[in-house]
Amino acid sequence: MNNYKYDKEKYYCVRPFDHLQLMDNGELLSCCPPWVNHYSIGNINKQSYEETWNGHQAQEFRRSILDGSYKYCNEKSCPHLYSKTGPLAKSARSKEVQNDILEGKLILDHGPQEIQFCYDKSCNLSCPSCRDETIMVSNKDKQMYLDMQDKLQSDYLKDALELVITGSGDAFGSPIFRTFLQTLQKEQAPKVQSIILLTNGLLITKYWDSLSSFAKEKIKYISISIDAATKETYLLNRRGGDWELLHKNLKFVQQLEGVSFGTSMVVQNNNFREIKDFIKMSESYNVQHVQLQIIEPDYHFGKPNYLETWLLKAVHERAHKNHNELIEVVKDCFFDKYLDASSDCMSMTMGPLIPLRYGNDISQHKYNTPA
């Protein structure tokens, strides 16, 4: 790269150099869709591995990190741009990626090292923060997703160190991802060190024994999305859920050897007052990490009145009638020990809520919330 000079004091996001997500339309992204305004580096159904992973779009994304412009990133959604955490760091976890950045490489000699499976939206729940109805892959689409999965497995997994299943539906609720976990063998992902599962947790005990021995050996972290600390709120936010079954599965995961355990909450108008109790509930199961997220409008984009519906829930937006009350909640010193990286207690990530804690606005829209 011409005129590039590495700055050891500068923060670089490593995601364009090591991360890949495959979406249900075949699009390949190097980051969480809302964090990069759905910027795609190509399509697995239309282009080859080299045309996507090292193609023009991928090179442009990497260039935007190296030159410090971050022009494809959405600072209102990405939790790391503000807090300098996760993939945004002064050094990469992988020596190969660190050398890529040191040398200013746009075309990489290695494949993605972290791959997130986002191409099947199938889930046993229909949470309002994510969808309007239960989504389960149809017989018509099942073969298409399996074909994409085969191509991902044959072309993109050779250098993968970490697999994340899933960012689109449920790791156990999806028959596509279950098939992957039930059949995965070492020769298909020879360098994989860890598998991370994102799930609502309700089907873990039902399907755990059906997973391949290799998959179970490599599962190192399970994140369970709950969105509530009370049964009443849970049944609203996890539509179709079972509060008692959830706790049965939480106990099961708590006892798994060699598996770290996390919980997450999409903060919204009907649950932000339960954040403290959610932390306490998570701690009672010896959870290692809790993640708080803001509710995004993307999932309902284009549907009638989607913006107004979202704004009613988006308590993080400055225009929301309960916004100031949320700020008081997140400023509470109760959270200090969980946010302290040196603390030996359960850790917590507040994501985009962190700016609110320190007096900075994160609003994306200048609208009045409907009464």
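User: What is the strand order of the open sheet, and how many strands does it have?

Analyst: The open sheet has 10 strands, in the order S4-S3-S2-S6-S7-S8-S9-S10-S11-S12, and its pairing is mixed. Strands are DSSP runs of E of at least two residues, helices are runs of H or I of at least four, and both are numbered from the N terminus. The average twist from one strand to the next is 20°. This is a predicted model, where local features need pLDDT of at least 70, side-chain atom pairs count only at pLDDT 80 or more, and totals for chains, interfaces and linings use all residues. Residues are numbered from 1 along each chain as its sequence is written, and side-chain values use heavy atoms, with hydrogens and water left out.

User: Why do S4 and S12 stand at the edges?

Analyst: Strand S4 (40-43) and strand S12 (347-349) each have a single partner strand, so one side of each lacks a neighbour in the sheet.

User: How do you know that S7 and S8 pair?

Analyst: Pairing requires that DSSP finds at least two bridges between two strands. Four bridges join S7 (residues 162-165) to S8 (residues 194-199), so the two strands pair. They run parallel.

User: Why is H6 called oblique to H7?

Analyst: Helix H6 (residues 139-155) and helix H7 (residues 175-183) pack at about 40°, with axes 10 Å apart. Under 35 degrees is roughly parallel, over 145 roughly antiparallel, 65 to 115 roughly perpendicular, and the rest oblique. That angle therefore makes H6 oblique to H7. Axes are lines fitted to C-alpha atoms, for helices over the stretch in contact, and angles run from 0 to 180 degrees between N-to-C directions.

User: Which residues of H6 and H7 meet?

Analyst: Lys142, Tyr145, Leu146, Gln149 and Gln153 in H6 meet Ile176, Phe177 and Phe180 in H7. Contact means heavy atoms within 4.5 Å.

User: What makes the phi of Asn37 worth a look?

Analyst: Most residues other than glycine have a negative phi. Phi of Asn37 is near 50°, a positive value in a residue other than glycine. Asn37 lies in the loop between strand S3 (27-29) and S4.
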